[in-house]
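Reader: I am new to protein structures and would like to learn how to read one. Could we go through this one together?

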Amino acid sequence: MIYVVATLTVKPETRAEFIAAATACIAGTRQEPGNIAYDLHESVTDPSRMVFVEQWENAEALVPHRATEHMKTFGRVAVKCMSAPPRIEIITPEKVDVR
């Protein structure tokens with residue numbers, strides 16, 4: 001099992017657009033083989049900070065996930081909404097890989 005924690009900072013004026021796109025992406029991702037959990041959390045201290053917490057059966061399940069149409073659609077919206085590069089942590093029993 002692996003976890004992915006993706007922290008994104010969005011421009012305040014694009015927050016609603018980001019959340020709408022993320023909501024659609026979450027619905028699609030939860031139907032994917034290998035997905036155990038996929039949730040979006042909003043910071044209680046910084047409304048521009050969004051954190052995805054994902055749980056997958058294994059790293060192999062992430063490969064097709066990145067190529068799904070709902071991820072591509074979300075990515076096109078997210079890139080316009082972000083004010084900084086995302087921080088992605090992939091957590092396995094062996095290590096934490098930060099990208």
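Predicted model: local features only at pLDDT ≥ 70, side-chain atom pairs only at ≥ 80, totals over all residues.

Reader: Where is the place of Arg 99?

Author: Residues are numbered from 1 along each chain as its sequence is written, and side-chain values use heavy atoms, with hydrogens and water left out. Strands (E, at least two residues) and helices (H or I, at least four) are DSSP runs, numbered from the N terminus. Arg 99 is found in the segment after strand S5 (96-98).

Reader: Does Arg 99 count as buried or exposed, and why?

Author: Buried means under 20% relative accessible area, exposed over 50%, and partly exposed in between (1.4 Å probe, protein chains only). Arg 99 has 53% relative accessibility, so Arg 99 counts as exposed.

Reader: Which side chain makes a polar contact with the side chain of Arg 99?

Author: A polar contact is a pair of N or O atoms within 3.5 Å; within protein, one must be able to donate a hydrogen and the other to accept it, and residues adjacent in sequence count only if both atoms are side-chain atoms. At 3.1 Å, the partner of the Arg 99 side chain is the side chain of Asp 97.

Reader: How many disulfides does the count come to, and why?

Author: A disulfide is a covalent bond between the sulfur atoms of two cysteines. Here the rule asks for a pair of cysteine sulfur atoms within 2.5 Å. The sulfur of Cys 25 has its closest cysteine sulfur in Cys 81, 13 Å away, which means they are too far for a bond. The count is therefore 0 disulfides.

Reader: What are the relative accessible areas of Cys 25 and Cys 81?

Author: Both cysteines are buried. The value for Cys 25 is 1%, and for Cys 81 it is 0%.

Reader: What is the bridge partner of Val 5 in S4?

Author: S1 also pairs with strand S4 (residues 87-91), in the antiparallel sense and over 5 bridges. Within S4, the partner of Val 5 is Glu 89.

Definitions and conventions:
Pairing = 2+ DSSP bridges.
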